[in-house]
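Please open the model in your viewer and keep the selection panel at hand. The stops below proceed from single residues to the whole chain.

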Amino acid sequence: DVAHGRRIVLSPASTLFALSQIDCDDIPTDLRRIITLIRVRLRHQPPDAAPLPAIPFNAILNRVLTIKVSTSTDDSLGRTCHKLQTLAEAALFHIAYGQGIGLSLSLSWERAYYRLGLRRDSIVQFPLRTYTSELLAYYQLAFGSDSLILAYLALYKVLEYFFTSSSDRVLHQKMTEKLVEPDFSHTKSKKLQELAKIVRVHDNKSDERKLLRTVLEHYFDIQELRDWIQEFDLGNDCYLTNERDVFAERIKVDTSDDQIYSSVANRIYHIRNALVHNKEGEVSRFVPFSGQEAILFREIPLLIFLAEQIIIKTGKDI
């Protein structure tokens, strides 16, 4: 924008930018990983190999693009970092619009994409059961995706699959208990009204959070769920059972008998909502490329355990 003295440059990281990132006491973990990979490459060259060409210092960030925004001294846009950032974001949107290339500003060196990767190293037996194809499709989608958002929502859909059947099972049990009462009769208006009320109240209270809890109650024994949580927390600094901030809400898993199902369901549903909803002014939401990916990565193991167990438990013997 020559008329206003504004200039936007998108280019590979410069040497000065690379120096600014490592000239600190605590280099971010993922930046340190990039530097280590280059050092390993140099260290493992065969003795008789031709020397590698000189590597520019800024090569440590050779996969990183930077955007530089400059304005004239009297331009109000250049007076705050926030205004310069909004201009940079607008420029990236225009590039994406015109070129079909997705570019986003990253507010953190934390990785924006994580692979769930291999978590086990065990020998498996020949299948003795077949499993529901739709559930396997979502499970494989979660593990085949680079996106933690997609992975979490795919695993959530495994649990969501049983919302209706689990809810109906609870309703049928309540209706059966009413129908087998000694004084029940289809000729008694009051008894029929009580039966209708059971159905009406059940339908009115069947929100997704409660449906999720119903699924957990049906497919998981309290001790089974508690054992997994305790084992996970042993190697993860009591991540689940200590209260912490997860997407703008202080939450923890309460493993007591009367709270474990509801606290697990509330945690999962809160995260699901943070991923799905993005209402203006809403605090509890997930913002890509903001460093929140690290939080989501630590939340996924619980959902993996639940999804895997439900897939297994609902399989059919061959």
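Select Cys238 first: its relative accessibility is 34%, so this residue counts as partly exposed, a class lying between buried (under 20% relative accessible area) and exposed (over 50%), with a 1.4 Å probe and protein chains only. The structure contains 0 disulfides, a disulfide being a pair of cysteine sulfur atoms within 2.5 Å.

The model is predicted; local features need pLDDT of at least 70, side-chain atom pairs count only at pLDDT 80 or more, and totals for chains, interfaces and linings use all residues. Residues are numbered from 1 along each chain as its sequence is written, and side-chain values use heavy atoms, leaving out hydrogens and water.

Now select residues 260-276, helix α10. Its 17 residues should span 24 Å at 1.5 Å a residue, and the end C-alpha atoms are 24 Å apart, which agrees; the expected span is 1.5 Å times one less than the number of residues. Of these 17 residues, 15 are buried.

Colour by pLDDT, the predictor's confidence in each residue from 0 to 100. Where pLDDT is low, the predicted coordinates should not be read in detail. The mean for the protein is 77, with 67% of residues reaching 70 or more.

Finally, select the whole protein: buried residues form 30% of its 318 residues.

Note on methods
Helices (H or I, at least four residues) and strands (E, at least two) are DSSP runs, numbered from the N terminus.
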